[in-house]
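Please keep the sequence and the structure in view while reading.

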Amino acid sequence: MGQYLILIYTDEASWAAIGEEEAGAVTAAHERFGQQHGAVLRGGGWLHPTATATTLRRPDGRERDDLASGEDALVTDGPFVETKEALGGYYLIEVPDLDTALRVARDVPEPFGGVEVRPLRPSVQEYQGS
Amino acid sequence: MTDPAGAVADAHRREWAAVLAATVRVTRDLDLAEECVQEAYAQALEAWRDGVPARPGAWLTTAARRRALDAHRRAEVAQRALPLLVVDEVAPEPWSAPPDDVLALLFTCCHPALTAEARVALTLRLLGGLSTPEIARAFLVTEPTMAARLTRAKKKIAAAGVPFRVPGPDELPRRLGGVLAVVHLVLATGHTAPTGAALVRDDLLDRAHDLARLLRSRFPDDAGVAGLLALVLLTDARRTTRVDAHGGLVLLADQDRTRWDVRMIDEGRALVRDALTARPLSRYAVLAAVAAVHADAPSLEDTDWPEIVGLYDVVLARWPSPVVALNRAVAVGFADGPDAGLAALDVLAGEPRLAGYGYLAAARGELLRRAGRLREAREAIEEAVLLTANDVERELLAGRLAALG
């Protein structure tokens, strides 16, 4: 068994432009997705738009400690990378192989973008105690 | 007196894919499997001096698997950098069919999660047993580039969990289409090598032949598979007549049609007939039908060109492609005369996907020559020479230029 992160990329402008009814339909679709694939779902989340993001960029050549202390951290308002389609949410699934992961990912309701399927390294899974 | 080197070379040609696929099931690691199979072939060179085994493939598989088990034992304590390949457990029931490892390996190599370039390279490497330099030469890239492409693809298969498995019935139609596309590309690349000294790459044509046969044996009812095998046979039937004694290109017009392989043509023609009646229609079946019309013609002039134009129209209506449109324009040039052919080519002049494609300029040059517009013909053929990387084709074009005076 392997864990895969399904990263949902979405066009935020399109999201902002739709009405409550349409947004409600997408939310309902996600609920159905959750019920349909509950057996393999290990987690998931829906992010606020990138306008709410804060980025910490470590200056070149600095040690991680500097970042932790906050002294030299370069804090900026906004996402790490500005793109038309931004990360809007994710699902974490546990399935036997990529074919199964792609079958699940096909069912993710995302009207304004697409999804990226990324395998998690096994060591991370062990760290999580799964 | 046995010839171990010859027997090993023969076994490499015939058994490589089966030995490797069976070894992958044990190693669950493509690199390790390749290594073990290569060592098994090296071992055979020594061991077969005293006699070639009755079943060379079984001998090689046993040798490779033994090495794989040794390697696994040694690596048990070592940390693995990548996860093991996802391999289904084989059902223990004696009545269940043996796992089709060669087919599983083919579907793994042609997985849609890999780039199209990686799919064909992996297929030639793992199913065809071609070396990295041989594959690099076929696709106009340097050896390090091809090596990196293969490494990256194998890493992705392991890390992303691409399974070693023949897809189930729900996915099979789509996945089989991807496999056919890879085999078609191997055929096209072998038929006219994009670069180098030889026109035909026998190794690639042989592999296309093997793969099409393998698919036909596993999917006897699939019209796409039948169409592709027909295309392979009808193309390959002309292999020996396309090159003269000095390696020069012999055009369709000048080929000795009595030397075309009649058995391949008969088999191909029968497959086309069946595949054309199946629905949905397969693109390969229609392309094979074009090849069948050529195979039935006594000469270039006495070819049923209107039929060929009609078949290309069928292809273009369903699967638009600038290269097929170019071939259609050439056929129009024979069916309705050079001016009609040139008119059909003019439509394609601005097509960005044909920019830098030597055949467009060469076809234009030939039609202009037949239309008596010799100065323009010369310019077009000069352009084609610049755009062609295959030495044999360039020589033919140079000959045409000289003939124009």
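## Where the two chains meet

Between chain B and chain A about 850 Å² of area is buried, and carbon and sulfur atoms give 48% of it. On the side of chain B, the residues that lose the most area to chain A are B:Ala160, B:Glu171 and B:Arg174, which together make up 37% of what that side buries. The model discussed here is a predicted one, and in it 13 residues of chain B are in contact with nine residues of chain A.

## Charged and polar links

Three salt bridges are counted between chain B and chain A, and one pairing of this kind joins the side chains of A:Asp99 and B:Arg175, with a distance of 3.6 Å from N to O. Between chain B and chain A there are also five residue pairs in polar contact, counting pairs with both residues at pLDDT 80 or more.

On the side of chain B that touches chain A, the elements that give two or more residues are helix H7 (143-160) and helix H8 (172-191) of chain B. Sorted by class, that side of chain B has six nonpolar, two polar and five charged residues.

## A covered strand in chain A

Within chain A, strand E5 (residues 85-95) is mostly covered, since eight of its eleven residues are buried. Strand E1 (residues 2-11) of chain A pairs with E5(A) in the antiparallel sense over ten bridges, while strand E2 (residues 41-46) of chain A also runs antiparallel to E5(A) and is joined to it by five bridges.

Which residue of E5(A) is the bridge partner of A:Leu7? The partner of A:Leu7 is A:Tyr90, and A:Tyr90 is likewise the bridge partner of A:Gly45.

Terms used:
Residues numbered from 1 in each chain as written. Chains lettered and ligands numbered in written order. Predicted model: local features only at pLDDT ≥ 70, side-chain atom pairs only at ≥ 80, totals over all residues. Heavy atoms only, no water. Contact = heavy atoms within 4.5 Å. Buried area = accessible area lost by both parts, 1.4 Å probe. Salt bridge = Lys/Arg side-chain N within 4 Å of Asp/Glu carboxyl O. Polar contact = N/O pair within 3.5 Å; in protein donor to acceptor, adjacent residues only side chain to side chain. Helix = DSSP H or I, 4+ residues; strand = E, 2+ residues; numbered from the N terminus. Nonpolar A, V, L, I, M, F, W, Y, C, P; charged D, E, K, R; others polar. Buried < 20%, exposed > 50% of the residue type's maximum accessible area, 1.4 Å probe, protein only. Pairing = 2+ DSSP bridges.
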